Amino acid sequence: MEKGGEAGEYHSKDFEWEFVKNLVENDPSLSHHLQEQHLVDSSSFSSSDSKPWQDFHSRHSSGKFFKERRYLLKEFPELVLCGENTKLLEVGCGNGSTVLPLLRGSKNITVYACDCSSEALVRTKENINRAIATVDNFHSFTCDFSTSAFPNWLACHHCRHNKHCHHSGKSDDTSLNEHCIGGVDFVTLIFTLSAVPKERMPRAIKECFAVLKPGGLLLFRDYGLYDMTMLRFEPEKCIGFREYVRSDGTLSYFFCLDTVKKLFTDAEFIEVELENCCVKAVNRRKNKNMYRVWVHGKFQKPFLK
């Protein structure tokens, strides 16, 4: 690869997204990626049974598969500059590649991490224990946010059904002690939403909205439309418009900016930032250009009026 891994993943100005759009839409061999018909109900590929992801993390348990996403601290500087007693929920923590740089980046953050796969949580804990001697600000739990609510201790039942409920987050706040910890300051969705069946995405995002404090931020990064990963899928792997199933049963969706904007604003989020991150890499051995496209976004839960 011509670019260094971290620098390449952070940099976003190698090319305009319209450039790769034109390449794809003018290549007849890639026409199956442009078809808009709905082929199947993707929710049937990923029920509440998390077996595909359990198997995935069992197969990829070696250290070679693990790579910290250090660039996220540059993409989302709020995570470094946050104040004391900041709470963050990492949704879909996988093997801990997002959690670990967050724990390294700020001692002020308490990280709550969840995944639908208990095997993933085991890998996360192993990787953290290898990298950090003592960790007392990390807590993990199993949850599929596309099919079930987050635990009440993240945002209590009263908060979930009362938009005007507010907790200061102070230990002497009587409403806090009576109801819950008051929600989290940040939610990170890093390459997680694309693995959720498209039909369940609206519900999943509303769950994230429910556990955020007013003014809290959801930080988003995921696969963008026409990323080279998308173009590698064969026609028979396409199960819906821009939605694919891998041979191991896991799903992958590729987002355009309009789709992301609608998903989050429909859930009452306010758009703060939204753009394509476009990175060109070169495979020197094959003398081939590789065009990566990711979507970067920040969305805020409105402050109470």
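Before we look at anything, one definition: contact here means heavy atoms within 4.5 Å. One more goes with it: helices (H or I, at least four residues) and strands (E, at least two) are DSSP runs, numbered from the N terminus.

Hi everyone, and a quick word on the source. This is a predicted model, where local features need pLDDT of at least 70 and side-chain atom pairs count only at pLDDT 80 or more, while totals for chains, interfaces and linings use all residues. Residues are numbered from 1 along each chain as its sequence is written, and side-chain values use heavy atoms, with hydrogens and water left out.

Let's start with helix α12. Which residues of α12 are buried? They are Thr259, Val260, Leu263 and Phe264, where buried means under 20% relative accessible area, exposed over 50% and partly exposed in between, with a 1.4 Å probe and protein chains only. These four cover an arc of only 115° around the axis, which puts them on the same side of α12; the arc is that of the directions from the helix axis to the C-beta atoms. Their cover includes β4 (184-190), α10 (201-211), β5, β8, β9 (270-283) and β10. On the face turned away from the buried side, you'll find exposed Asp258 and Lys262.

Now for the rings. Rings of Phe, Tyr and Trp (its six-membered ring) pair if their centres lie within 6.5 Å; planes under 30 degrees apart count as stacked, over 60 as edge-to-face and the rest as tilted. That rule gives 18 aromatic pairs. Take Phe220 and Phe264: their ring centres are 5.5 Å apart and their planes at 70°, so this pair is edge-to-face. It links distant parts of the chain, with Phe220 in strand β5 (residues 212-223) and Phe264 in helix α12 (residues 257-266), 44 residues apart. Phe220 is buried, at a relative accessible area of 0%, and Phe264 is buried with a value of 0% too. Both belong to a cluster linked by ring pairs, along with Phe209, Tyr253, Phe255, Phe269 and Phe299.

Last stop: Arg292, in strand β10 (residues 288-300). Is Arg292 buried or exposed? With 16% relative accessibility, Arg292 counts as buried. Its side chain makes polar contacts with the side chains of Asp227 (2.7 Å) and Thr229 (3.1 Å). A polar contact is a pair of N or O atoms within 3.5 Å; within protein, one must be able to donate a hydrogen and the other to accept it, and residues adjacent in sequence count only if both atoms are side-chain atoms.
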